[in-house]
Amino acid sequence: QVQVVESGGGLVQPGGSLRLSCVVSGSTSRNYVLGWFRQTPGKEREFVASMSAGGSIYYGDSANGRFSVARDNGKTTLYLQMNKLEPEDTAVYYCAFTVTVYARPTKYDYWGQGTQVTVSP
C-alpha cells in the first residue's frame, strides 16, 4: 500500500521561506514521478513542480523561479523549497506519486492529505 505524507506547512510572513517534505512509502517501483500541487478554495488544483525517478524536474508557472525541488539520496523524500513567499502562495499543498515511465504524467495515482501554507503579515 503506497502512502504519501506531506509536512512542513505553516504560517509565514511575506518574503519568508518554507520547506515542505513529502515522504513516500510502500512502493518498490524504479519508475515513478513525485509532484507538488496546490489548491485554494474555489480554484482548480494547480501544478507546482515534479521530479521523476531519473531526476527530470519540471516547474509550473506558480513556481515562478522562487520554488525548487530536491530529493534525498534514498529517493523516498521530495522537498519543495519555497522562497520569497507571497500572500498569493497561500494554499493547501499536496504531494502526489505515480508509477510511470513518463517524466510528465497526466495523472497521479496516490495523493497525500495536504499541508496548509499561509502567507500573511
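Me: Which side chain of opposite charge is nearest to Glu6, a buried residue without a salt bridge?
Reply: This is a predicted model, and in it Glu6 sits in strand E1, residues 3-7. A salt bridge needs a nitrogen of Lys or Arg within 4 Å of a carboxyl oxygen. Glu6 has no such partner, since its nearest side chain of opposite charge is 8.2 Å away, and that one is Arg45.

Me: Is Lys107 buried or exposed?
Reply: Lys107 pairs with Asp109 in a salt bridge. Asp109 counts as partly exposed at 41% relative accessibility. For Lys107 the relative accessible area is 52%, and the cut-off for exposed is over 50%, so Lys107 is exposed.

Me: How many residues apart in sequence are the parts that Arg66 and Asp89 tie together?
Reply: Arg66 and Asp89 form a salt bridge, with their closest N and O atoms 2.8 Å apart. Arg66 lies in the loop between strand E6 (57-59) and strand E7 (67-71), while Asp89 lies in the loop between strand E8 (77-82) and strand E9 (91-99), so the parts they tie together are apart in sequence by 23 residues.

Me: What is the relative accessible area of Asp89?
Reply: The cut-off for buried is under 20%. Arg66, its salt-bridge partner, is buried at 11%. Asp89 is buried too, with a relative accessible area of 2%.

Me: Which strands each supply at least two residues of the lining of the largest pocket?
Reply: That pocket holds about 200 Å³ of space. Its lining has 15 residues, with Ser29, Tyr32, Gly74, Lys75 and Thr76 nearest the centre. The strands in question are E3 (18-25) and E4 (32-39).

Me: And how many of the lining residues of the largest pocket are polar?
Reply: The lining is made up of 15 residues. Five of them are nonpolar and two are charged, and the number of polar ones is eight.

Definitions and conventions. Residues are numbered from 1 along each chain as its sequence is written. This is a predicted model: local features need pLDDT of at least 70, side-chain atom pairs count only at pLDDT 80 or more; totals for chains, interfaces and linings use all residues. Side-chain values use heavy atoms; hydrogens and water are left out. On a 1 Å grid over the protein atoms alone, a cavity is a set of points where a 1.4 Å probe fits but cannot get out, and a pocket is an open set with protein on both sides within 12 Å along at least five of seven lines; lining residues have an atom within 4 Å of a point. Grid points are joined across faces, edges and corners, and a volume is the space filled by probe spheres set on the points. Helices (H or I, at least four residues) and strands (E, at least two) are DSSP runs, numbered from the N terminus. Ala, Val, Leu, Ile, Met, Phe, Trp, Tyr, Cys and Pro count as nonpolar, Asp, Glu, Lys and Arg as charged, and the others, Gly among them, as polar. Buried means under 20% relative accessible area, exposed over 50%, partly exposed in between (1.4 Å probe, protein chains only). Lys and Arg count as positive and Asp and Glu as negative; His and the chain ends are not counted.
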